[in-house]
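Have it open beside you as you read.

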Amino acid sequence: MRKLAVDVVVIGGGSTGAGVVRDVAMRGYSTVLLERADLGQGTTGRFHGLLHSGGRYVVSDPLSATECAQENAILSRIQAGAVEMTGGYFVTGPDDDPSFADKFLAGAAATGVPAQEIPVAEALRNEPRLNRGIKRAIEVLDGTVDGWQLVWGAANSARHYGAQILTYHKVTKIDTVDGHVAAVHCTDLKNGEDVVIETGFVLNCAGPWAGQIAAMAGAHPVDVIPGRGIMVAMSHRLVNRVVNRCIYPADGDILVPVHTVSIIGTTDVKVDDPDNLAIEANEVQQMFDAGEVLVPGFRKARALHAWAGARPLIKDNRVAATDTRHMSRGMAVIDHTTRDGLDGMLTIGGGKLTTYRLMAEHIVDAMCEKLGEKRVCRTADEDMPVEGAGPNYVVTHRLHDREHDRLDDQIICECELMSRKMFTDALAEQPKGTFDDLRRQLRLGMGPCQGGFCSMRATGIALASEHIDIERATELLRLFLKNRWIGLWPILHGEQLRQTALDNWIFAGTLDIEHLPAAESEVVL
Amino acid sequence: MATDGLEFAGHSLSRASLDACVKCTICETQCPVAAVTPLFSGPKYVGPQAERFRNGESVDHSLDYCSSCGTCTLVCPQGVQIAELNSQARAVMKADHMPLRDKLIGQTVLMGKVMTPVAPIAKAALNNKPIRKVMEAVVKVHEDAPMPPPQSQTFEGWFRKRPTPAGPFPRGPVVFFHGCAGGYFEVETSKKSVEVLEYLGYQVIVPKQGCCGLAQQSNGLFKGATKDVLKLCDDLRSAGKDLTIVSSSGSCTGMLKHEAHEIMGVEDERLKDVGTRIVDMMEFLLDLHEAGELPTDFAPIGMKVPYHAPCQLKSQGIGKPALEVLRLIPDLEVVDSGAVCCGIAGTYGLKKEKYEVAQAVGKPLFDMVKATSSELALCDTETCRWQIQKSSGVRTEHPIYLIHRAYGLS
């Protein structure tokens, strides 16, 4: 058993937790972040990549709109490398009510969200695949953001201030003494070791899992209602700006160009278990239909991958519990002292990725207030160490990089232009990582072939690097392909079906991966 | 629709075709350029892969090592328009810093007009080492690159000044398209084509005709190329509706049939009309033969000749009609080169920085030609003939040359 002692334990390694641990560390507290899987593996890694301008909420949720507009400007500065300033359009589809655009413009003015109506012809010239029947177009400052880079950037910044980031550490128990949080127990899933962390404060940032964490401390149930949303990535950028339907928020109303793909999203269905998110066939079809309204021919374009994420919405009495879209996207801090008679713990829920820094500021402010201390938040003022220093991301970056090192280095993932050195460097930093852990940082296997050509190369290189043995190599490859498959089968048609058939011939036919020797003992992934 | 080629290049149907790529790598194994130099990253890399990283701009300057031979598109089993994607990306990339050289060598009509009146001088100049060294230094055309052979008389001059053929023309009229090279430099090919057509009983109409714009297109000058190709369509249509247009210029035919539309996005009824009416000279003869309408009373030619089917012809998807027609000539042994490309790819192999690459691409072909015959080689397109002749030392002619002879016309 390992023992640690820190001022604050942050639970949850999504955007909220990463933002919180950075803020806590920057205010001078000793802190540790616990995440049961990899950073950004839950909700944060399963959204569409939109950095909101605030436009989406100018009519339905004005407070969120203003917050988004402010945070958009901050994030594109302090985490420039994770953000692409694509710009965005709100367009009135052929069958949409054109008068919503008037409400939109009025809402934007009232909430401080920069927005300007432009001639339809201009929108069509800049985004030639857009439906030529659109009736109005409003330009906004939407951007796109890589959720994993965002989280890792915040985590690395926190480390710089002394925080410890413990991934694959699953919280098992929270001790309380005399109505006050005293320690957090967790298990290191990579080696089975138990870890006990003495602490005076727990910040529960577990998103859809926040209710489960609160219950461990004996609090009354926290009604987090996971709202499931599915998304489908299309094989290339059908648009180069974010394109939103200019309607009251609905399903499938956003098409987001992020990295090399464009992502259509999303749905919103109340679910009970955030660990069990189905990708329903009818919802996939709904996304294609919605895409067809924005970009005619969308159904014939190649879909690469589908996935589902769970929104961490806090129950709000204003609307029916079954309608999660219209619950407040605003964040809520739950004070367990007044609610449960439990000192030393706060839970945060709601919010959205764009406002993750602000959420962190709120919950850490609340903590300082409870501790009777005045420590000022500085997270908006300081650029992140790595990605904050450079320019904003643009989609040509990797092509540009490979142009310069292509004669000296191999390209392992051809679709996403990942070089051998990128892979071996990341592996050396995370020798116990799975290929999915590396994928989230490198985009390994996220392009059109979905790992068909790169995953076996990566496996061979990892084995040759001696970070892993042959049994682990086999299991890592199998796990990677299995996880890719989860997102493939719901969209198997057209061009992606051909690819999958070819990949299957390679793995089942040539490599006979199903019948590789099984490991003699269990391989801990 | 999109008449501005560059605008089209940013969002074309070719880009949509990248969805069909399954990464099989067949194009990479067949690319003649990637096979001889690491400077070109290969068609899959530059085409369907890199295209996903382009947002209306091309940062991968090495794509300019693509010779646009079109082999990748031809061999792709999934229908990805790889060569077209590359041509479009190159045009976008070069748009704001087009080298003077690339603007000049696209001006084929200008070259012909300047050189014909002073053919002996031009010929001497193009064979003069010091002058070529200056050319290489100033306009970056390699000093050893093949140059068009200047002629004292243009085809048009010959056609107008010769005695008007009396007829009769039992097979009716056809339009003849010779291209700029066939007008100014490959005058003999054009003459022989006309004479064969007339021998067969066609009344040959030769409208005044300009350039198809191919050389500009392959150098990324879409605006000028689009203007030229549409002007040419008007020229050819002026000769009469619904007439078959027979062409002895394989590469220009490809431009009219598919490249202007697929690479530059020219959507125009005139182009569609001409593109569906134009037919390669040798394909025209093969069609006649297959219909039982080609006289096959050829005189024997006891000779062994290498034949090379150029990329631009292969990309039209018409097979290798010259091979089949030539094989009708008794005693003539025609050996298919089996080579992918001669390297020249229009103007690619002329350029100082590409010359060595183009020579390496063509080397298997040059070796094959030399090993097969020291006398004569055959090939359907002009710049390929110049390249083969210059690099192998073997005289290289259009296949019509032997057809003309076998009919006893020369």
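Q: How many residues of chain A and of chain B take part in the contact?

A: This is a predicted model, and in it the contact takes 29 residues from chain A and 21 residues from chain B. Helix H10 (397-405) and helix H15 (494-510) of chain A each supply at least two residues of chain A's side. That side holds 12 nonpolar, eight polar and nine charged residues.

Q: What makes strand E2 and strand E4 of chain B edge strands?

A: Four strands of chain B form an open sheet in the order E2-E1-E3-E4, with parallel pairing. Strand E2 (203-205) and strand E4 (278-280) of chain B each pair on one side only, and that makes them the edges. From one strand to the next, the twist averages 40 degrees.

Q: How do you know that strands E1 and E3 of chain B pair?

A: Pairing needs at least two bridges. Strand E1 (residues 173-177) and strand E3 (residues 245-247) of chain B have three bridges, in the parallel sense, so they pass the cut-off of at least two. B:Phe177, for instance, has B:Ser247 in E3(B) as its bridge partner.

Q: What makes domain 1 and domain 2 of chain B count as being in contact?

A: Residues count as in contact if their C-beta atoms lie within 7 Å. Here 13 residues of domain 1 of chain B are in contact with 12 residues of domain 2 of chain B. On the domain 1 side, the largest share, three residues, comes from helix H5 (residues 71-75) of chain B. That side has six nonpolar, seven polar and no charged residues.

Key
Residues numbered from 1 in each chain as written. Chains lettered and ligands numbered in written order. Predicted model: local features only at pLDDT ≥ 70, side-chain atom pairs only at ≥ 80, totals over all residues. Contact = placed C-beta atoms within 7 Å. Nonpolar A, V, L, I, M, F, W, Y, C, P; charged D, E, K, R; others polar. Axes fitted to C-alpha atoms, helices over the stretch in contact; angles between N-to-C directions.
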